[in-house]
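Let's take a walk through this structure together. Keep the sequence and the 3D view side by side as you read.

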Amino acid sequence: MPYRIGLPHYANTAPLVHFLEAPRGVELRFGVPTELNRWLAEGEVDLSLVSSQFYLEARGALRALPDFSVAVLGAVYSVNLFHKRPWDELRRIAITSESATSVRLLAHLLERSGVPAELEPAPVGLEGLESYDGVLLIGDRALTAYAGLLEHTPASVHDLPRRPGGHYVTDLAMQWFRATRLPFVFALWATRAGEQPPPEVVALLRRARREGLGRLGEVAAAESARLGIPAPLLQHYLWNFRYHLEPPDRLGLATFAEAVGLLGPEEYWSV
Ligand SMILES: C=C(O[C@@H]1C=C(C(=O)O)C=C[C@H]1O)C(=O)O
């Protein structure tokens with residue numbers, strides 16, 4: 001039986017995957033985060049990138065690698081609520097089925113701001129705005145939808161339009177930062193509790209990450225060709241991620257866990 005590693009096929013994991021060469025006996029399986037969560041729980045994969053929300057809910061049965069994350073400090077650019085009326089007037093929101101964490105984060109931010117919006121799973125893109133007040137998209141779909149609203153490639157991240165295509169676009173990680181001044185951890189690498197990943201697999205993942213971050217221009221160019229998004233936009237997008245679960249990321253994750261009731265104030269969370 002090969003050692004099976006679960007990965008999302010999102011641009012934001014490309015720096016971890018682009019130079020990941022699975023040796024004999026290691027198999028890569030790609031899925032969306034909610035599938036990866038399920039595959040790890042059900043034994044379909046042995047090590048996987050999983051939604052942080054899923055990890056927090058099932059942490060007794062899972063063991064996170066201590067130095068891997070998909071996190072950001074501030075805007076993430078790919079977990080976006082696209083909406084046609086102001087945040088406070090939102091009442092019906094279509095949510096993607098691809099993510100656990102982002103949906104929980106949206107619900108928390110709405111609750112925090114006292115907005116009584118209903119979240120409805122719906123497989124829609126921006127066309128969903130014809131019948132919903134807002135549409136939550138993550139990953140490559142969010143990125144390509146956002147890039148598709150830009151009339152030109154801005155020279156700087158500070159030149160991004162406030163209302164691309166006339167839409168409101170709320171970046172959930174930026175809203176988290178505005179409320180907490182902390183990073184937001186979207187995903188972690190985890191195995192089932194009691195199942196140590198082979199050291200050579202962990203070394204392989206670390207080597208692939210080091211190579212991917214060291215050659216980010218090549219990774220951005222490949223993702224640009226795959227997604228049809230200008231490479232400079234991809235390069236900044238990828239440069240912006242935090243992949244090492246460092247102390248600020250851990251504090252952000254523990255704060256999120258407490259905020260959504262997954263960690264008691266007296267509980268200590270550790271990897
Ligand atoms: C920030 C993102 O990261 C992804 C978001 C995840 C989630 O919300 O569950 C899981 C894996 C990450 O690669 C994104 O998809 O835009």
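In strand 10, T191 is the bridge partner of L47. L47 belongs to strand 3 (residues 47-51), and this strand pairs with strand 10 in the antiparallel sense, over 5 bridges. Two strands count as a pair here if DSSP finds at least two bridges between them. The strands themselves (E, at least two residues) and the helices (H or I, at least four) are DSSP runs, numbered from the N terminus. A word on the source: this is a predicted model, in which local features need pLDDT of at least 70 and side-chain atom pairs count only at pLDDT 80 or more, while totals for chains, interfaces and linings use all residues. Residues are numbered from 1 along each chain as its sequence is written, and side-chain values use heavy atoms, with hydrogens and water left out.

Back to strand 10, which also runs antiparallel to strand 4 (residues 62-72), joined to it by 7 bridges. Look for S69, which stands opposite L188 of strand 10. Buried means under 20% relative accessible area, exposed means over 50%, and partly exposed is what falls in between (1.4 Å probe, protein chains only). The areas come from the Shrake-Rupley method.

Now for the charges. Side chains of opposite charge can pair when their charged atoms come close. A salt bridge means a side-chain nitrogen of Lys or Arg within 4 Å of a carboxyl oxygen of Asp or Glu, and the structure holds 14 of them.

One of these salt bridges joins D67 to R206, with the closest N and O atoms 2.8 Å apart. D67 sits in strand 4 and R206 in helix 7 (residues 199-214), so the pair ties together parts that are 139 residues apart in sequence. D67 counts as buried because its relative accessibility is 17%, whereas R206, at 32%, counts as partly exposed.

Another salt bridge brings together the side chains of D140 and R226, at 2.8 Å from N to O. This pair links distant parts of the chain, as D140 is in helix 5 and R226 in helix 8 (residues 216-227), 86 residues apart. D140 is buried, with a relative accessible area of 10%, and R226 is partly exposed at 37%.

E44 and R29 form a salt bridge too, their closest N and O atoms being 3.7 Å apart. E44 lies in the loop between helix 2 (33-41) and strand 3, and R29 lies in strand 2 (residues 26-30), so this contact ties together parts that are 15 residues apart in sequence. Both ends count as partly exposed: E44 has 34% relative accessibility and R29 has 25%. There is also a network of salt bridges, linking R4, D46, R192 and E195.

Helix 5 is also the place of A145. A145 is buried, with a relative accessible area of 14%. Its C-alpha atom is separated by 7.3 Å from that of L126, 19 residues apart along the chain.

Finally, turn to the surface, where R162, R163, R178 and R181 gather in a patch of positive charge. In such a patch, residues have over 30% relative accessible area and no salt bridge, and like charges are joined within 9 Å. R163 is found in the loop between helix 5 (139-147) and strand 9 (168-171), and R163 counts as partly exposed, at 39% relative accessibility.

Notes:
Patches are made of residues with over 30% relative accessible area and no salt bridge: like charges are joined within 9 Å, nonpolar side chains (Val, Leu, Ile, Met, Phe, Trp, Tyr) within 5 Å. Accessible areas come from the Shrake-Rupley method with a 1.4 Å probe; for residues, only the protein chains shown count as cover. Lys and Arg count as positive and Asp and Glu as negative; His and the chain ends are not counted. The place of a charge is taken as NZ of Lys, CZ of Arg, CG of Asp or CD of Glu.
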